[in-house]
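The structure is shown first, and the description follows.

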Amino acid sequence: MTLTEFVKARLAEEEELAQGGDQDSPDLTLRLDNDLRWVSVTPARVLLDVEIKRRILADHTDENTDGGPHCHWHGVDDCPTVRDLASTWDFHKDYPEREV
């Protein structure tokens with residue numbers, strides 16, 4: 001599995017989980033600090049995050065079809081931006097090891 005395929009698979013998993021929830025009801029609320037700041041993670045927010053990450057992935061792989069500029073790593077699975085996106089799931093059992 002390439003790194004790009006790995007990221008696509010994780011995004012598909014997140015999308016599937018988020019689509020099963022009430023889009024406006026928080027499924028997870030995190031307390032950020034002692035100032036009583038909170039972040040609510042709703043399924044709608046997860047779906048937006050998935051959409052944004054897919055656009056970033058397209059801009060850094062050979063899937064950019066909008067005529068816009070491509071990453072200079074274009075089509076190369078070792079793009080630093082793609083690696084950054086994938087690092088979200090570096091604990092996952094299918095995370096591709098980087099070859100040196």
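E51 and R55 form a salt bridge through their side chains, with N and O 3.0 Å apart. The model is a predicted one. Both residues belong to helix α2, and their spacing of 4 residues corresponds to about one helical turn. E51 is partly exposed, at 43% relative accessibility, and R55 is also classed as partly exposed, with a relative accessible area of 47%.

A salt bridge also joins K53 to D49, whose closest N and O atoms are 3.1 Å apart. This pair too is within helix α2, the two residues being 4 apart, or about one turn of the helix. K53 has a relative accessible area of 14% and is therefore buried, the limit being under 20%. D49, at 31%, is partly exposed.

R54 is partly exposed, with a relative accessible area of 32%. E15 is partly exposed as well, at 24% relative accessibility.

In total, the model has 5 salt bridges.

| Pair | N to O distance | Relative accessible area |
|---|---|---|
| E51 and R55 | 3.0 Å | E51 43%, R55 47% |
| K53 and D49 | 3.1 Å | K53 14%, D49 31% |

As a general point, side chains of opposite charge can pair when their charged atoms come close.

The histidine is a separate case. H92 lies in the segment after α3 (80-86). Is H92 buried or exposed? With a relative accessible area of 18%, H92 is buried, because the limit is under 20%. A polar atom of the H92 side chain lies 2.9 Å from the backbone nitrogen of D94. Leaving aside residues up to four places away in sequence, H92 touches F6, R10 and E13.

Definitions and conventions: Residues are numbered from 1 along each chain as its sequence is written. This is a predicted model: local features need pLDDT of at least 70, side-chain atom pairs count only at pLDDT 80 or more; totals for chains, interfaces and linings use all residues. Side-chain values use heavy atoms; hydrogens and water are left out. A salt bridge is a side-chain nitrogen of Lys or Arg within 4 Å of a carboxyl oxygen of Asp or Glu. Buried means under 20% relative accessible area, exposed over 50%, partly exposed in between (1.4 Å probe, protein chains only). A polar contact is a pair of N or O atoms within 3.5 Å; within protein, one must be able to donate a hydrogen and the other to accept it, and residues adjacent in sequence count only if both atoms are side-chain atoms. Contact means heavy atoms within 4.5 Å.
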